[in-house]
Amino acid sequence: MNKKRLSAAAAMLAATTALVACSSDGGGGATTTSGSGASNCTNTIPKKNLPVVTMWGWYPNMQLVVDNFNKQNGEVQVCWTNVGQGSDEYDKFQTAVSAGTGAPDVIMIEMDRIPTFQIQSALVDIKKYGFDAVKADYSEGAWKDVSVGDAVYGVPVDGGPMAMIYRKDIFKKYDITPPKTWAEYEQAAQKMKDAGGPAFGDFAANVSALTMALQIQKGAAPFTYDPAQQSSIGVKLNDQASKDVLDYWGRLAKKGLVGTQDQFTPEYISGVINGKYATYVSAAWAPGYLTGAGVGKGKDTGKFAVAPLPQWDPDNPVQVNWGGSAFSVTSQAKNPELAAKAAYGLYADKESLTHGWTNQIIFPLNLKALNDPEFVNLKVAFFDGQQANKEVYVPAANAYQGVTYSPFGQFYFDAMTKQVSALIEGSVTGVQAADKLQEDVAKYAEEQGFTVQ
């Protein structure tokens, strides 16, 4: 394994995936001193006689979360700094990893990025630091997303069980009921188009994590990786399931049944607000994102509802996830046991969890919140009082089985964007896009020193 080469590639490719639920609230590069203390903490440490661990994180309510932890904990205190969201933080962490100094003890990291830093020995397996005491607080799927092989490299915090948001007014106008299968989705889209209605949804090139999730739902397993065999990785991006999904969405785009606009842009949000799209296939964090972007606050207020994600085989439903973050312990932590206590304890108290979901900051993965009747039975304002958690998101989260990510996830996402763009343009078919993606990613993996299985 050429770890130096992979490290350099990781530094160049560090860029955030589309977990927009966890938006940054600003902040900037305070200096931290790993393990033994801290300078320039964003927060005030109340118990100055206790050891301090440093932390980077960007949740909007992190100040409250850290204050709650420090107030309640009698063993360790957390010095928190926001050094930026997503790619900004990853760039700084990669610099610290390469230098061998300057990293915090605990870092907030998106789950699909864990293998990228784990393979550089930048993260600590926290299984031996109290895992058994908190294992039952999270689902098996949540733990798999933060694991590499049998080792655990993060504490799950938030996730993105997927569903289909739709416009009630548009569905009513065109006599559409929420489709239960992807075949019904296509039929409903055709019905709406024939009646002169708007695009039924959107197939965008800039949401590779979404495309991957939909392929996994069909039965794809893009990567198999076990750190016990570091030089070997399974890359399977052109199996029949992957080809079928690309062909499906390529067909819908070619027939004009769905739009092809990049998501998370002002133009796309304007389209959602103005009824350009009848559905929005997305994750449980989407209502918070859309609300923050101004959706559901104007003339579109009360017009949204959510239904379970359409299935390929309704008799054998598969739930998938888009996005999610964790708290990981870095290998530069001088006391990884204390750092692990902080990682396990942050966002684990009732006040922090409740504040997170009531303000639509996160979709919690801690089962203390996920199974809380107050959360389950919540009448969600964005969905005009619909009990969205009970009807859709909680069952999806509970059924999610987890996924294996690769150590070069950003290269894969970038390569996927390139091929989906070509598919949208009509220069390749879904089959050709999948074959080219397999070729590009397998070649890249081999260049990094992997033997591709």
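Setting aside neighbours within four places in sequence, Gln77 is in contact with Ile45, Pro46, Lys47, Leu50, Pro51, Val52, Val53 and Asn70. As you explore, keep in mind that this is a predicted model. Gln77 sits in strand E4, and because its relative accessibility is 0%, Gln77 counts as buried.

Asn70 leads us on to helix H2, which covers residues 62–72. Which residues of this helix are buried? They are Met62, Val65, Val66, Asn68, Phe69 and Asn70. The cover over these buried residues includes strands E3 (52–56), E4 (77–81), E5 (106–110) and E15, together with helices H13 (336–345) and H14 (350–358).

Now step back to see the protein by domains. The domain assignment gives domain 1 as 52–158 + 323–376, and domain 2 as 160–322 + 399–452. Taken over C-alpha atoms, the centres of domain 1 and domain 2 are 27 Å apart. Domain 1 brings 16 residues to the contact, and domain 2 brings 25 residues.

How can we describe the meeting of these two parts? The size of an interface is often given as the accessible area lost when the parts come together. Here domain 1 and domain 2 bury about 1700 Å² between them, with 54% of it on carbon and sulfur atoms. On the side of domain 1 that touches domain 2, helix H4 (114–118), helix H6 (140–145) and strand E15 (321–329) each supply at least two residues. Sorted by class, that side of domain 1 has 5 nonpolar, 7 polar and 4 charged residues. How many salt bridges and polar contacts cross the interface of domain 1 and domain 2? The count is 0 salt bridges, alongside 7 residue pairs in polar contact.

Our next stop is Pro156, in strand E8 (residues 155–167). Is Pro156 buried or exposed? Pro156 is buried, because its relative accessible area is 1%. Leaving out neighbours within four places in sequence, the contacts of Pro156 are Met111, Tyr138, Ala142, Trp143, Val146, Ser325, Ala326 and Leu365. Pro156 also shows how the fold brings separate parts of the chain together: Pro156 and Phe327 are 171 residues apart in sequence, yet their C-alpha atoms are 6.9 Å apart in space.

Salt bridges are our next topic, and the count comes to 13 salt bridges. Arg167 forms one of them with Asp169, where the closest N and O atoms are 3.0 Å apart. Arg167 is buried, with a relative accessible area of 5%, whereas Asp169 is partly exposed at 30%. The side chain of Asp169 also meets that of Lys303 in a salt bridge, at 3.9 Å from N to O. Asp169 lies in helix H7 (residues 168–173) and Lys303 in the loop between helix H12 (286–292) and strand E14 (304–308), so this pair ties together parts that are 134 residues apart in sequence. Lys303 is partly exposed, with a relative accessible area of 27%.

Another salt bridge joins the side chains of Lys255 and Glu186, at 3.4 Å from N to O. This pair, too, links distant parts of the chain: Lys255 is in the loop between helix H10 (240–254) and strand E12 (258–259), and Glu186 is in helix H8 (residues 182–194), 69 residues apart. Lys255 is partly exposed at 36% relative accessibility, whereas Glu186 is buried, with a relative accessible area of 15%. As for Arg167, Asp169 and Lys303, salt bridges that share partners join them into one network.

Finally, turn to the backbone. Most residues other than glycine have a negative phi. Tyr347 has a positive phi, near 55°. Tyr347 is found in the loop between H13 and H14, and is buried, with a relative accessible area of 2%. Asp384 also has a positive phi, near 60°. The place of Asp384 is the loop between helix H16 (373–376) and helix H17 (388–399), where Asp384 counts as partly exposed at 47% relative accessibility.

Key
Residues numbered from 1 in each chain as written. Predicted model: local features only at pLDDT ≥ 70, side-chain atom pairs only at ≥ 80, totals over all residues. Heavy atoms only, no water. Domains from an automatic or database assignment. Contact = heavy atoms within 4.5 Å. Buried area = accessible area lost by both parts, 1.4 Å probe. Salt bridge = Lys/Arg side-chain N within 4 Å of Asp/Glu carboxyl O. Polar contact = N/O pair within 3.5 Å; in protein donor to acceptor, adjacent residues only side chain to side chain. Helix = DSSP H or I, 4+ residues; strand = E, 2+ residues; numbered from the N terminus. Nonpolar A, V, L, I, M, F, W, Y, C, P; charged D, E, K, R; others polar. Buried < 20%, exposed > 50% of the residue type's maximum accessible area, 1.4 Å probe, protein only.
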